[in-house]
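This briefing goes through one protein model by topic. Please keep the sequence and the structure at hand while reading.

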Amino acid sequence: MYRFLLSRQWVILTLVALVLIPVMIELGFWQFHRHERRVAQNALIADNLAAKPVPVEELTSPGHTVPRADYWRHATATGTFDTAHEVVVRRRTSSDDRVGVHVLTPLVLKDGKVVMVNRGWIPAAGDQRSYPDVPPAPKGLVTVTGRLMADETTGASGIKDLKGLPDRQVMLIDSAQQSALQGGRPVLGGYLELTAPEPAGDTPEPIPDPDHDSIGAHMAYAIQWWLFSAGVPVGWCVLARREKRDREAAAAGDAAGGSGDGAGGTGGTPEPAGATA
């Protein structure tokens, strides 16, 4: 009664099931690995935020690519802000998702090197070609503390580095680009997200710490995909058994109908006794 499994319909259904099972298993592992990466990143952020601040030149130098292990490390720098080479970074959002700009100001260190400091978010100007009103940076010799971040790239951020922008406006924070804009001065790789001192009047708006508490729903999605993969063969078996029962019931009905027809053909009303005389 299982010969129907060789029919075209059932062969196609079986092949689809055999394809779906490994695909769903792989999707489950993909979500599981995303969960693992999120957990590892949360741990890295928490550890680096809790680490003692160190001088920025112990972590980076001109041309240096900041490794992921040093992201969000607190670093200190002492120097003077160079507002003449200050720029704004377009299309950035505030903590409450308002679109504006980040203020990026060079801090010239005592040895002449420069570290770029992201001082925070401000609203953009009324039109995209105008330079916004930027709160003044502290004057004189200052010591700042900030979270170390790597240079931004289009591949990592998804932000296109547009050309032909108005003067003193950029799309990405890139130390090599900033070095060129400043006449070739040595700029340390990466940049600092300012955490101290706090700006006067809370403007620019400080960039908040990165989220390192939530882990998302990746683990739940992984379990769902694995349950789906387990449900495929179960569903296939249920359908096959139902098909078998339906075929058996149909065959039994056909047999009963055939027997009934045969009995009716041989029967009839008995002739009265002596009717042939």
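D202, for example, is placed in the loop between strand 8 and helix 4. The model is predicted. The points below cover salt bridges, pockets, backbone geometry and the surface.

**Salt bridges**
- The structure holds 14 salt bridges.
- One of them pairs E86 with R119, with 2.9 Å between the closest N and O atoms. E86 sits in the loop between strand 2 (74-81) and strand 3, and R119 sits in strand 5, so this pair ties together parts that are 33 residues apart in sequence. Both E86 and R119 are buried.
- R98 and E205 also form a salt bridge, the closest N and O atoms being 3.3 Å apart. Because E205 belongs to the loop between strand 8 and helix 4 and R98 to the loop between strand 3 and strand 4, the pair ties together parts that are 107 residues apart in sequence. E205 has a relative accessibility of 17% and so counts as buried, since the limit for buried is under 20%. R98, with a relative accessible area of 39%, is partly exposed.
- A further salt bridge joins the side chains of R147 and E193 at 3.1 Å, N to O. R147 is in strand 6 (residues 142-149) and E193 in strand 8, 46 residues apart, and the pair links these distant parts of the chain. R147 and E193 are both buried.
- E57, D111 and K113 are linked in a network of salt bridges.

- The largest pocket holds about 790 Å³ of space. It is lined by 33 residues, and R92, M149, E152, Y191 and E193 are the closest to its centre. Strand 3, strand 5 (114-123), helix 2 (154-157) and strand 8 each give two or more residues to this lining.
- By class, the lining of the largest pocket has 13 nonpolar, 12 polar and 8 charged residues.
- The second largest pocket holds about 190 Å³. Of its 13 lining residues, R90, R91, V101, A124 and Q128 lie nearest the centre. Strand 3 and strand 4 are the elements that give two or more residues to this lining.
- The lining of the second largest pocket has 6 nonpolar, 4 polar and 3 charged residues.

**Backbone geometry**
- Most residues other than glycine have a negative phi, and most peptide bonds are trans.
- D97 has a positive phi, near 70°, and is found in the loop between strand 3 (87-93) and strand 4 (99-109). With 63% relative accessibility, D97 counts as exposed.
- D202 has a positive phi as well, near 55°. Its relative accessible area is 56%, so D202 is exposed.
- Cis peptide bonds join A196 to P197, with omega about 0°, and T203 to P204, again with omega about 0°. P197 lies in the loop between strand 8 (191-196) and helix 4 (218-266), and P204 also lies in the loop between strand 8 and helix 4.

**A sequence-distant contact**
- S94 and I207 are 113 residues apart in sequence, while their C-alpha atoms are 7.7 Å apart in space. S94 is in the loop between strand 3 and strand 4 and is buried, with a relative accessible area of 6%.

**Surface**
- V11, L15 and L18 make a nonpolar surface patch of about 270 Å². L15 lies in helix 1 (residues 8-50).

Technical notes
Residues numbered from 1 in each chain as written. Predicted model: local features only at pLDDT ≥ 70, side-chain atom pairs only at ≥ 80, totals over all residues. Heavy atoms only, no water. Patch = residues over 30% accessible without salt bridge, like charges linked within 9 Å, V, L, I, M, F, W, Y side chains within 5 Å. Areas by Shrake-Rupley, 256 points an atom, 1.4 Å probe, with all protein chains shown as cover. Salt bridge = Lys/Arg side-chain N within 4 Å of Asp/Glu carboxyl O. Helix = DSSP H or I, 4+ residues; strand = E, 2+ residues; numbered from the N terminus. Buried < 20%, exposed > 50% of the residue type's maximum accessible area, 1.4 Å probe, protein only. 1 Å grid on protein atoms, 1.4 Å probe; cavity = no way out; pocket = protein on both sides within 12 Å on 5 of 7 lines; lining within 4 Å. Points joined across faces, edges and corners; volume = space filled by probe spheres on them. Nonpolar A, V, L, I, M, F, W, Y, C, P; charged D, E, K, R; others polar.
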